[in-house]
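Hi everyone, thanks for coming along. Let's take a friendly walk through a structure that may be new to you.

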Amino acid sequence: MSGIKIPDAGGDSITLLKVDGHLYPKSPVDSQVDAIRGIRDLPVREDDVFICAYPKCGTHWVWEMVRLLLLEDTETVIRKEKLMLEFFGKDVLENFPSPRVLNTHCLVEQLPRGVFEKKCKIIYILRNPKDMAVSFFHHHTKLPKIYEYDGKWENHLSLLMDGKVDFGSFFTYLKDWAAVGKTHPEVPTLTLVYEDLKEDPLAGIRKVAKFLNVEKSEEFYLKVKELTSFNKMKERKGGLVATPDGSPVMYRKGEVGDWKNYFTVAQNEAFDRLYKENMAGCDINFRYTLKFLHNLSDLCDVCEISMTNNKKDDESGVKMSLIKIPDAGGESITYLKVDGHLFARASVDSQADVIRGIRDLPVREDDVYICAYPKCVDSGSFTTYLKDWAAIGTNHPEVPTLTLVYEDLKEDPLAGIRKLAKFLNAEKSEEFYLKVKELTSFNKMKEKKGSLVTAPDGSPVMYRKGEVGDWKNYFTVAQNEAFDRLYMENMAGCDINFRYSLK
Ligand code: A3P
């Protein structure tokens, strides 16, 4: 039984099994193809229950709930895969006593015909597709013997959005199953939502018991809740499907909202667009978070400052030193610290003297000062900086100050140049402004000045991209939310109406 390799954009590929145009995980079970081809004609029993979900939406969880409620067997530890239609055919499945709890990731019309004839009960599970995407990524990378995949998150996300994964497009799946009430009104179907189960598992368990006509005591429901809690299932069943290093594949985090730690803002926007396009007319009101998940302290942890050995006190007795500011990953940035402020180290002798001399620097009346926070973080908190400068009109009304905004300059450089010329009393012809515009365009400056400050590999440091909105490719959604909260807290009473993207 040979697999096919589905390449991602990074050159990695997932090995899958293709049967009659559909993609499946390639299990080590012989006769898997026969099992798949036999699904439609699988003999079903009236009391069979089918647990149906797109992969990574909580199949193991609900399967275990149903098994406990139906069989009242709290001792046995059994793999749900043993009763999975895509792995085992009639010869294996017929050995299980009734009632059987079968499970599958098939589309509605791929289910055994007998399900519709015998009106078997179906429990269908939904989960928000962003958490599903993160879970599927880990699933694929943690099972190297099955998928032979070691790709990157961003490339996996594209594969998933294109439906190039086992069980195909989740859009197709969601739409197919959303219509089951119309396409098969004869089949009793209960829809469960992962996020609802997380919020109130007991309510979910009661609902399942009622649907299956196996109502039990509250005490038993509490037992089911305990045995199907994430930690208990991980402890009892985690070893059944494990990574080569022994960690559980099917019980990873079991949370709502972990996607925010993976999706960048740009990926999130692209995902939302694609979702809207593909799900037009079939909106499912997913909940992507349950509550305020991310702690402000994640971002605000004040760095412990460690002094290096070359700390020295100068004659005035004021401290000046090179210090290393460690980040959470163990890397650190080296700065020059002078009189309590951080500066980028320049390869200039006597840099500290230069810095200390700033206050008494002789100035000329026609000097012009260009002031900005770096990169438009070595000078300490940027919110302190923003507030300080926002108050210049109040604190120093005697100083003529022009405020320019990067985003406005990007949008209309010519308007900015004219404004500047007017402020400096250096108005020129339109032709000259156009020349200034050309010479200060990003590409021209990169070409002419890029080599003045370079990285060790020769690339220009000061002319990277020059775009508005590139942050969306770096900030995860969780980081963005934490940033916004921190900004709001720190800038209370001094809101600056920043634009974070241009049309
Ligand atoms: P994560 O990878 O986000 O943790 P499936 O069973 O369909 O393969 O879905 C697996 C997902 O359900 C995994 O999500 C897994 O951790 C989560 N899961 C499994 N058991 C769970 C439980 N008892 N409670 C909550 N989530 C559970």
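**A loop to start with**

Let me begin with glutamate 255, which sits in the loop between helix 13 (230–237) and helix 14 (265–278). When I say helix or strand, I mean DSSP runs, H or I of at least four residues for helices and E of at least two for strands, numbered from the N terminus. Before going on, a word on the source: this is a predicted model, where local features need pLDDT of at least 70 and side-chain atom pairs count only at pLDDT 80 or more, while totals for chains, interfaces and linings use all residues. Residues are numbered from 1 along each chain as its sequence is written, and side-chain values use heavy atoms, leaving out hydrogens and water.

Glutamate 255 is partly exposed, at 38% relative accessibility. On that scale, buried means under 20% relative accessible area, exposed means over 50%, and partly exposed is in between, with a 1.4 Å probe and protein chains only. Which residue is 61 residues from glutamate 255 in sequence, yet 9.5 Å away in space? That is tyrosine 194, with the distance taken C-alpha to C-alpha.

**The whole chain**

Stepping back, the chain has 23 helices and 12 strands. Its radius of gyration is 31 Å, well over the 23 Å that the globule rule gives for 503 residues, so the chain is more spread out than a compact globule. That radius is taken over C-alpha atoms, and the rule is 2.2 Å times the number of residues to the power 0.38. Along the principal axes, the C-alpha trace spans about 95 × 55 × 45 Å. Of the 503 residues, 40% count as buried.

**Strands that pair**

Now for some strands, which pair if DSSP finds at least two bridges between them. Strand 1 (residues 4–7) and strand 2 (residues 13–19) run antiparallel, joined by four bridges. Here lysine 5 stands opposite threonine 15 of strand 2. The two strands form a hairpin with five residues between them, and glycine 11 in the turn has a positive phi of about 95 degrees.

Strand 4 (residues 49–53) and strand 5 run parallel, again with four bridges. Phenylalanine 50 has leucine 102 as its bridge partner in strand 5. From strand 5 (residues 101–104), Val101 and Asn103 point one way and Leu102 and Thr104 the other way, and all are buried.

**Some backbone details**

Most residues other than glycine have a negative phi, and most peptide bonds are trans. With that in mind, look at the loop between helix 3 (90–93) and strand 5, where proline 99 is placed. A cis peptide bond joins serine 98 to proline 99, with omega about -5 degrees. Aspartate 339 is not a glycine, but has a positive phi of about 45 degrees. You will find aspartate 339 in the loop between strand 11 (332–338) and strand 12 (341–343), and it is partly exposed at 35% relative accessible area.

**And the cysteines**

How many disulfides does the structure hold? Zero, taking a disulfide as a pair of cysteine sulfur atoms within 2.5 Å. Cysteine 106, for one, has its closest cysteine sulfur in cysteine 52, 7.9 Å away and too far for a bond. Cysteine 282 is in no disulfide either, and the nearest cysteine sulfur, in cysteine 57, is 14 Å away. Both are buried: cysteine 106 has a relative accessible area of 1%, and cysteine 282 has 15%.
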